[in-house]
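Me: Could you look at a model with me? I have a few quick questions about how the chain is put together.

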Amino acid sequence: MDESQANVAFTLAKEFSTSALTTTMDMAGKVKDYIQRGPEGVGYLCFVGGAASVFLGLLGFLDIAGILMSPLQYLVNAYQTGFGLVVCVLEAPPEWLSNARLAKAQRFIHEFAKFLTTFGGRGLFYLFQGSLDLSLDTYSLTWLVGCYMCCMGGVCIGMQYGLLPEYRDRDPPQSRDYIGIT
């Protein structure tokens, strides 16, 4: 490679890295804006992660030969698809809850998986889901979604413990089925 080709390659690499850094900073700013919106914004970010998990889980089923070669991979894809669907149901925008099936699914999850009704419970679930993605591949799209879900889990746990104090979960009302002595 002569000097002129090296200069062109260096200029191209510099331009690409500057563009990538600018795009990353823009995306980080948008994520920060959504987090500052509170539960609705964080819910939207988690919904996007859940949708990505569903997409990648379904994409993993396309490798038909893999069912014989690595059945555990297929099982994990089924888990990821299911977990992604749960995230999408939990974090569905309120205007979508007019759909009776979606509202029924959300009530079912809230009744039988009560830990998912708090930011902390959701955060732990998202950390688990993200760590499962991280264990599958290294430096792939699945790995990136795993990092994203782990970050969303950390944000949700942070919200549970006061990252944004105005959005912290409130203590549920205490039942008065007993006689209190004061």
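Reply: Happy to! This is a predicted model, where local features need pLDDT of at least 70, side-chain atom pairs count only at pLDDT 80 or more, and totals for chains, interfaces and linings use all residues. Residues are numbered from 1 along each chain as its sequence is written, and side-chain values use heavy atoms, with hydrogens and water left out.

Me: How many helices and strands does the protein chain have?

Reply: Seven helices and zero strands, taken as DSSP runs (H or I, at least four residues, for helices; E, at least two, for strands) numbered from the N terminus.

Me: And which residues touch the most other members in the largest nonpolar core?

Reply: Val 42, Cys 46, Ile 109, Leu 116 and Tyr 126, out of 21 residues. Such a core joins buried (under 20% relative accessible area, 1.4 Å probe, protein chains only) Ala, Val, Leu, Ile, Met, Phe, Trp, Tyr and Cys residues through side-chain atoms within 4.5 Å.

Me: Which element gives the most to this core?

Reply: α7, with six residues.

Me: Switching topic, how do α6 and α7 pack?

Reply: Their angle is about 160° and their axes are 7 Å apart, with axes being lines fitted to C-alpha atoms over the stretch in contact and angles running from 0 to 180 degrees between N-to-C directions. The two helices are therefore roughly antiparallel, a label for angles over 145 degrees.

Me: What does Tyr 126 touch?

Reply: Not counting residues up to four places away in sequence, its contacts (heavy atoms within 4.5 Å) include Cys 46, Val 87, Met 149 and Cys 156.

Technical notes. Buried means under 20% relative accessible area, exposed over 50%, partly exposed in between (1.4 Å probe, protein chains only). Angles under 35 degrees count as roughly parallel, over 145 as roughly antiparallel, 65 to 115 as roughly perpendicular and the rest as oblique.
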